[in-house]
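Biologist: Could you walk me through this one? I would like to start with the overall picture and then go into the details.

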Amino acid sequence: MTAIIEADHLTIRFGSFTAVRDVSFAVGRGEIFGFLGPNGSGKTTIIKALCGLLPPSEGTGRILGMDIRKDAAEIRRHVGYMSQKFGLYEDLTVAENIAFYAGVYGLDSRRARERTREVQELTGIESYMNRRAGQLSGGWKQRLALACAIIHSPEVLFLDEPTAGIDPVARRALWDLLFQLSGRGVTFFVTTHYMDEAERCGRVGYIYLSKLIAIGSVSDLQRLPEASPPGTSRVQITTANSSALLDSVRKMQGVHEATIFGREIHALVDTGSMPALQAQLPSSSVTVIEPSLEDVFVTLTYRIMEESR
Amino acid sequence: MKHLFYGLLPVCRKEFLHVTRDRGTLVFALALPMLQLFLFGFAIDTNVRQIPTVVLDESRTQESRRLIERFAASDVFKVRVYATSQDELYGAVRAGKAQVGIRIPYDYARQLSTGSTASVLVLVDGSDSSVAGQAVSTSNGVALTESLRRVIPNGTLPIEVRPSVLYNPATRAANFFVPGLIAILLQVMTILLIALSLVREREHGTLEQLTMTPVAPLGLMVGKMIPYGVLAFGELCAILIVMRVVFLVPIHGNVLLLLFMSLPFLLTVLALGLVISTKARTQAEAFQLAMGTILPSVFLSGYIFLIQNMPLFFQGISYLIPATYYIRIVRGIILRGAGLGDLWLNGVILTAMGCAMIFLAARQFMKQGAR
């Protein structure tokens with residue numbers, strides 16, 4: 001695998017505050033890499049560093065083999081960026097927005113026409129070309145933002161919480177577009193705090209308190225020993241009234257953590273105490289399950305919080 | 001070179017689109033300076049005339065009435081009230097009914113006839129310094145001529161001053177104030193337009209998007225300066241026409257030179273707007289900062305007060321204010337018919353200031369762009 005995006009012991013400090021601490025990872029061509037973490041954990045900072053906007057305090061990174069410290073200007077010609085703010089000019093029409101970004105990326109008029117037609121087809125925005133961007137719905141704004149971000153056919157696309165505040169139908173439509181593009185070899189770096197979105201990604205990294213805590217495919221992460229320590233099991237307790245039961249489950253012997261998941265309770269329990277648990281909950285069924293991505297990240301986050309205490 | 005200004009053309013084109021799209025802002029930006037020009041152009045008159053005056057004539061003689069007439073004839077004083085007591089005299093000045101009080105003592109005529117010095121009290125309200133100064137010097141003048149007339153009856157005075165006011169013979173206030181006003185109005189309009197435009201992009205997140213594109217900071221900044229510069233230049237032409245046609249201020253110098261020498265000033269205020277926009281996070285903040293530049297430009301630029309009369313420290317500050325140099329250019333060309341040879345240094349200083357500020361803004365922008 002040749003790495004398209006590479007972070008190499010990346011550390012970024014703002015004064016005494018360390019926003020990113022010794023982060024390393026590599027993303028291969030056509031991969032959709034999901035980057036998860038709470039707000040303020042350093043996701044956007046990493047994107048900015050990788051686009052060459054922020055010189056790292058230590059370590060370095062490479063995009064398409066170009067060093068982020070030296071080739072920042074060249075890197076920006078080859079990457080696209082889309083944020084939750086969309087970066088659209090609301091008083092300009094869809095066509096004018098696209099034309100502006102085509103100009104900004106230095107496309108000549110023939111190439112601009114060609115690419116405009118291509119992104120129109122991809123995003124299906126033809127019928128809105130003469131409408132002001134401000135009058136579009138959230139979902140269409142997002143498609144326009146994507147059209148602008150890929151107008152220069154970037155090989156790498158950074159998406160910073162692209163679906164924040166967008167309805168589920170539009171979210172799914174956007175992901176369909178991303179898969180289509182990744183099929184053509186575009187490499188994606190997507191930050192999000194939606195777990196279901198992270199589960200769509202080929203590989204996921206989890207950043208917490210400026211540190212990259214876990215990285216791997218979804219199934220790798222589910223099998224992480226830290227998430228399911230030896231001697232413990234992830235169980236689902238199916239019961240009639242899970243919210244009433246939650247507190248008493250949390251207090252039971254051998255239960256490490258418990259939370260409501262839909263209509264069930266998900267809990268991390270000592271494997272040995274499972275029979276006792278079932279005995280105490282006669283009207284419920286206790287079954288072993290695979291941990292969800294959310295379970296994994298919550299467990300990891302608790303561990304870090306306890307360690308740093 | 002191409003890399004330094006990368007993205008200039010698309011940014012410039014887009015900015016023109018914004019300007020034409022947002023009619024409200026456009027009209028506001030162009031009409032407001034015009035409105036202010038009319039307001040201030042008509043309102044400001046520094047020639048002190050017809051100061052309301054209260055008179056307490058205790059003498060009640062032919063001589064005292066003659067002195068009062070002399071005061072009234074000067075056009076500086078206008079006798080409004082006659083007081084009957086000292087208290088009333090002071091009261092009228094304190095209440096603001098009159099700004100000057102004249103008291104002619106009961107022995108005025110007797111002192112004159114016996115050849116000793118008759119003293120007349122002139123109270124001056126010092127709360128307006130230009131009125132006070134004018135009142136004091138004019139009353140001295142009145143007393144002096146009146147004394148001389150008594151000493152040399154029917155004779156001709158040995159010396160007479162015939163002042164000839166060059167360039168503004170009628171000492172019309174509009175001639176002096178309107179040209180300077182151009183600098184202030186252009187400055188406010190230009191700084192506001194460009195600073196708000198950049199801060200708006202910051203607020204809407206489009207600036208963040210632009211930093212991720214190959215657009216160079218100078219490309220972005222100069223690309224924004226051009227449309228607003230064109231707009232301000234158009235406004236300048238309109239203001240000059242109104243100045244000439246409505247306020248009848250003659251332009252003694254070359255209009256083309258004036259337009260040409262306005263470019264360095266526009267460059268500087270546009271750059272100042274950019275510097276402000278790098279400091280302001282919100283449009284409200286940018287607005288306040290832009291407004292903050294007005295007072296120094298009005299009071300420390302020589303527009304109203306002479307720079308030579310300021311304390312040394314403020315003289316130093318006045319040389320840092322762009323309007324100082326532009327007011328010299330405008331007044332020089334419009335009022336004195338000055339040429340490029342007289343004014344070129346002002347243009348060079350403005351250009352240098354402007355370039356320095358553009359680079360300052362671009363550097364500041366690069367530092368923050370990442371955040």
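Modeller: In chain A, residues 24 or more positions apart account for 69% of the contacts with a separation of 6 or more. Please keep in mind that this is a predicted model, where local features need pLDDT of at least 70 and side-chain atom pairs count only at pLDDT 80 or more, while totals for chains, interfaces and linings use all residues. Residues are numbered from 1 along each chain as its sequence is written, and chains are lettered from A and ligands numbered from 1 in the order in which they are written.

Biologist: Fine, and how much of chain A is buried?

Modeller: Of its 309 residues, 41% count as buried, a label given if 20 or more other C-beta atoms lie within 10 Å of a residue's own, with C-beta atoms placed from the backbone.

Biologist: How many helices and strands does chain A have?

Modeller: Chain A has 11 helices and 14 strands, which are DSSP runs numbered from the N terminus, with helices being H or I of at least four residues and strands E of at least two.

Biologist: What about domains in chain A?

Modeller: The assignment, which is automatic or from a database, gives domain 1 (28–52 + 70–216) and domain 2 (222–308) of chain A. Their C-alpha centres lie 37 Å apart, and the contact between them takes 9 residues from domain 1 and 7 residues from domain 2.

Biologist: Which element gives the most on the domain 1 side?

Modeller: That is helix 7 of chain A, with 3 residues.

Biologist: Switching topic, how do helix 3 and helix 4 of chain A pack?

Modeller: Helix 3 (residues 94–104) and helix 4 (residues 109–123) of chain A pack at an angle of about 130°, with their axes 10 Å apart.

Biologist: Which residues of the two helices meet?

Modeller: A:I98, A:A99 and A:A102 in helix 3 meet A:A112, A:R115, A:T116 and A:V119 in helix 4.

Biologist: And how many residues does chain B bring to chain A?

Modeller: On the chain B side, 19 residues are in contact with 21 residues of chain A, and helix 1 of chain B supplies the largest share of that side, 6 residues.

Key: Axes are lines fitted to C-alpha atoms, for helices over the stretch in contact, and angles run from 0 to 180 degrees between N-to-C directions. A residue is buried if 20 or more other C-beta atoms lie within 10 Å of its own, exposed if 12 or fewer, and partly exposed in between; C-beta atoms are placed from the backbone.
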